[in-house]
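This report goes through one protein model, from the whole chain down to single residues. Cut-offs are given where a term comes up.

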Amino acid sequence: MNSFLPSGALERSDMLRALRLYGTRVFFVGNPMIFTAGIFILLAVMTAHELHTALLTQSLETALKHSSILNAALAATFLQSCLQIHAGSQIGASQAPAVPGLLHAEARAAALMSMVVLVALSGLLAWSGVPLHDTLFYTLLNTVPSVAQWYAPPQQSSRRLKAITTLTGFALLLGLMLLTFTTDFPLWALTRPAILTVPSDIAMMGLLTAAIMTLPNRLHSPAMMSPTDGMTAPAPAFPTPDTTPRLVPHDLSFYQLRQMLLAPASPTTLKSDLLISLFMPACAVMIMASLPLGHGGFGTRIAHLTPGMTILIALQDGWIRTRTHWPLLLTTGRFGSRLDFVRAVFAAKASRVLMTAPLRTVSLMLPITLFRPLAPTHALLDGAELLIATLGVTFCGSLPFLVMKQPPQNLVVALSLAPAFILQLCNPFILGARIFGPIALGIAALGALCFFLVPPRLARADWPYETE
């Protein structure tokens with residue numbers, strides 16, 4: 001692993017040149033996560049303002065109960081994703097090995113930008129009145145899973161090490177989710193003494209930086225990164241393409257063939273969709289509530305978990321933002337014109353969500369109805385409103401095509417992810433059925449508008465967008 005600090009004037013110049021790109025169109029226009037990160041930065045600003053106002057008259061524990069500090073954690077996560085995408089695209093460029101010093105310069109720039117955004121986000125939270133060392137501690141703890149995402153083992157390392165790295169990242173993310181949803185983790189992290197948080201901040205920042213500095217290993221071998229004379233570069237050893245013939249499955253069901261319009265690589269079966277939709281939300285809530293974490297009894301923990309678990313109902317796949325397979329499927333001639341093809345895609349998504357969304361809603365509502373004194377009529381009303389909103393937000397991800405002829409990919413990605421977080425922060429469990437009911441109807445009306453009006457506009461657009 002190369003040192004983070006540049007050793008000479010040339011390396012400093014290369015790093016500064018790489019840093020300048022973070023303020024240009026190269027970073028903002030070509031980054032699909034930039035809008036999503038911007039939304040959560042705005043939400044984090046609102047959260048900091050709420051905390052600042054609340055802490056004037058309330059304790060931190062009371063203030064956290066009425067503000068969503070999770071917005072700051074999600075902002076940190078999506079900012080790391082933005083940096084990873086940009087650095088990966090720069091290092092992954094075909095000409096990157098031929099430019100001396102580029103790989104390490106991009107890694108240094110990404111590490112420095114990661115430090116800057118984390119400190120800036122922590123400073124924003126510290127404006128509310130919480131000490132900076134505590135806000136930095138909380139922000140860094142929420143970026144721990146990013147360490148495994150940044151870390152790239154050497155190419156000559158075994159598959160076992162790479163698998164362990166992937167599993168470690170997944171375990172860290174799962175552990176962080178459990179702490180966030182089942183305990184008073186934010187309160188604990190924001191109230192630690194400086195003697196604990198300051199050394200921890202330094203250690204976690206150093207660990208994140210070390211992981212980022214391994215980024216060149218992800219796409220290029222050490223021989224490709226060796227110093228050159230500035231005129232030539234060693235020939236990259238590209239892997240030999242796999243010539244093993246692949247068997248085309250002939251036993252795909254009609255349901256799978258239709259779902260190939262949404263995800264051609266892994267069309268799901270009807271049985272899998274039904275079982276996952278019926279059991280996943282209920283099992284996730286009950287398993288997390290069974291852990292010896294948090295306060296209160298089993299029913300109390302279920303009531304605490306359910307509002308955040310609405311993400312399991314509203315989480316969308318990449319059906320509208322991943323369209324690279326559309327031209328190939330269109331040329332088969334099985335779907336008619338471009339407009340007929342786009343309508344077939346929307347119809348496939350509608351058939352799937354009309355089947356899975358009710359099952360997921362019932363699965364989520366069962367635990368909170370059985371283990372909490374929630375009247376069946378109230379549970380039925382909450383579930384109906386949640387289902388109506390879910391059906392609506394499914395097609396709200398295509399809203400950019402309704403107002404723009406060729407929307408940028410980062411806007412499409414942002415609106416594809418937004419529904420899940422909207423229903424997580426705005427649902428009948430938080431707002432109440434009386435307030436959420438009109439909101440659900442409005443979301444459903446917007447989704448219906450997109451379902452009928454977007455296909456003609458999307459059929460006239462160029463897809464896939466080569467410039468996205």
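Helices (H or I, at least four residues) and strands (E, at least two) are DSSP runs, numbered from the N terminus. Met286, for example, lies in helix α13, which covers residues 270-290. The model is predicted, so local features need pLDDT of at least 70 and side-chain atom pairs count only at pLDDT 80 or more, while totals for chains, interfaces and linings use all residues. Residues are numbered from 1 along each chain as its sequence is written, and side-chain values use heavy atoms, with hydrogens and water left out.

**Whole chain**

The protein chain has 22 helices and 0 strands. Of its 468 residues, 46% count as buried; buried means under 20% relative accessible area, exposed over 50%, and partly exposed in between (1.4 Å probe, protein chains only). Contact means heavy atoms within 4.5 Å. Among contacts between residues at least 6 apart in sequence, 80% join residues at least 24 apart. The chain exposes about 23500 Å², and carbon and sulfur atoms supply 69% of that area. Accessible areas come from the Shrake-Rupley method with a 1.4 Å probe; for residues, only the protein chains shown count as cover.

**Nonpolar cores and patch**

In soluble globular proteins, nonpolar side chains tend to be buried together. A nonpolar core is here a set of buried Ala, Val, Leu, Ile, Met, Phe, Trp, Tyr and Cys residues joined through side-chain atoms within 4.5 Å. The largest one has 85 residues, and Phe78, Tyr138 and Trp150 have the most contacts inside it. Helix α5 (residues 70-91) gives this core its largest share, 12 residues. Apart from this core lies another, of 22 residues, including Ala350, Phe395, Phe401 and Leu402.

Helix α17 (residues 338-370) gives the most to the nonpolar patch, with 3 residues. Met286 counts as partly exposed because its relative accessibility is 31%.

**Single residues**

| Residue | In contact with |
|---|---|
| Phe78 | Met33, Thr36, Ala37, Phe40, Leu417 and Phe421 |
| Glu50 | His66 and Ser67 |
| Thr139 | Ala76, Leu118, Leu121, Ser122 and Leu125 |
| Ser277 | Thr356, Leu359, Arg360 and Ser363 |

Ser277 is in helix α13 and is buried, with a relative accessible area of 0%. A polar atom of the Ser277 side chain lies 2.7 Å from the backbone oxygen of Asp273. Ser277 and Met355 are 78 residues apart along the chain, with 9.0 Å between their C-alpha atoms.

Thr139, in helix α7 (residues 132-142), counts as buried because its relative accessibility is 3%. Its side chain makes a polar contact with the side chain of Ser122 (3.3 Å). A polar contact is a pair of N or O atoms within 3.5 Å; within protein, one must be able to donate a hydrogen and the other to accept it, and residues adjacent in sequence count only if both atoms are side-chain atoms.

Glu50 is found in helix α3 (residues 34-54) and counts as partly exposed at 39% relative accessibility.

Definitions and conventions
Lists of a residue's contacts leave out its neighbours within four places in sequence.
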